[in-house]
Amino acid sequence: MKDITISARRQKHELKTWLVCFAIAFALNVYAVIAYESPATELLTSLLYVLCFSLVLYAAWSCLRIIGYFVFKNIKHNNKKQL
């Protein structure tokens, strides 16, 4: 079986991407606490849900990136065929 190596640069990029997703999820949680006038302790008690939601956001963003990669690769390939 072939080994797959992921560069340190790619790992940092993916970690930054997930941190942005976590920040978005946390900001939505803060908004929900303010909007529904919940106690501030909800920010800590719902941290697991925020973590799960950030992983869902990260997975959705990754799927969009993969789809975009294949679409643009296909467009680029078709343009080379026409020339």
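F22 is partly exposed, because its relative accessibility is 23%. The cut-offs are under 20% relative accessible area for buried, over 50% for exposed and in between for partly exposed, with a 1.4 Å probe and protein chains only. This is a predicted model, in which local features need pLDDT of at least 70 and side-chain atom pairs pLDDT 80 or more, while totals for chains, interfaces and linings use all residues. Residues are numbered from 1 along each chain as its sequence is written, and side-chain values use heavy atoms, without hydrogens and water.

F26 is also partly exposed, with a relative accessible area of 31%. F22 and F26 both sit in helix α1, four residues apart, about one turn of the helix. Helices are DSSP runs of H or I with at least four residues, numbered from the N terminus.

## Ring pairs

Rings of Phe, Tyr and Trp (its six-membered ring) pair if their centres lie within 6.5 Å; planes under 30 degrees apart are stacked, over 60 edge-to-face and the rest tilted. For F22 and F26, the ring centres are 6.4 Å apart and the planes lie at 20 degrees, so the pair is stacked. W18, F22 and F26 form one aromatic cluster.

Y69 is partly exposed, at 49% relative accessibility.

Helix α1 covers residues 8-35. Its 28 residues should span 40 Å at 1.5 Å a residue, and its end C-alpha atoms are 40 Å apart, which agrees. The expected span is 1.5 Å times one less than the number of residues.

E14, T17, C21, A25, N29 and V33 are buried in α1. Just after α1, E37 has a positive phi of about 50 degrees.

## Nonpolar patch

V20, I24, L28, F53 and V56 make a nonpolar surface patch of about 440 Å². Patch residues have over 30% relative accessible area and no salt bridge; nonpolar side chains (Val, Leu, Ile, Met, Phe, Trp, Tyr) are joined within 5 Å. A salt bridge is a side-chain nitrogen of Lys or Arg within 4 Å of a carboxyl oxygen of Asp or Glu.

α1 and α3 (47-82) each supply at least two patch residues. α1 gives the most, with three. I24 lies in α1 and is partly exposed, with a relative accessible area of 43%.

## Helix α2

L44 belongs to helix α2 (residues 42-45). L44 is exposed, at a relative accessible area of 67%. The C-alpha atoms of L44 and R10 are separated by 31 Å, and the two residues are 34 residues apart along the chain.

Terms used:
Patches are made of residues with over 30% relative accessible area and no salt bridge: like charges are joined within 9 Å, nonpolar side chains (Val, Leu, Ile, Met, Phe, Trp, Tyr) within 5 Å. Accessible areas come from the Shrake-Rupley method with a 1.4 Å probe; for residues, only the protein chains shown count as cover.
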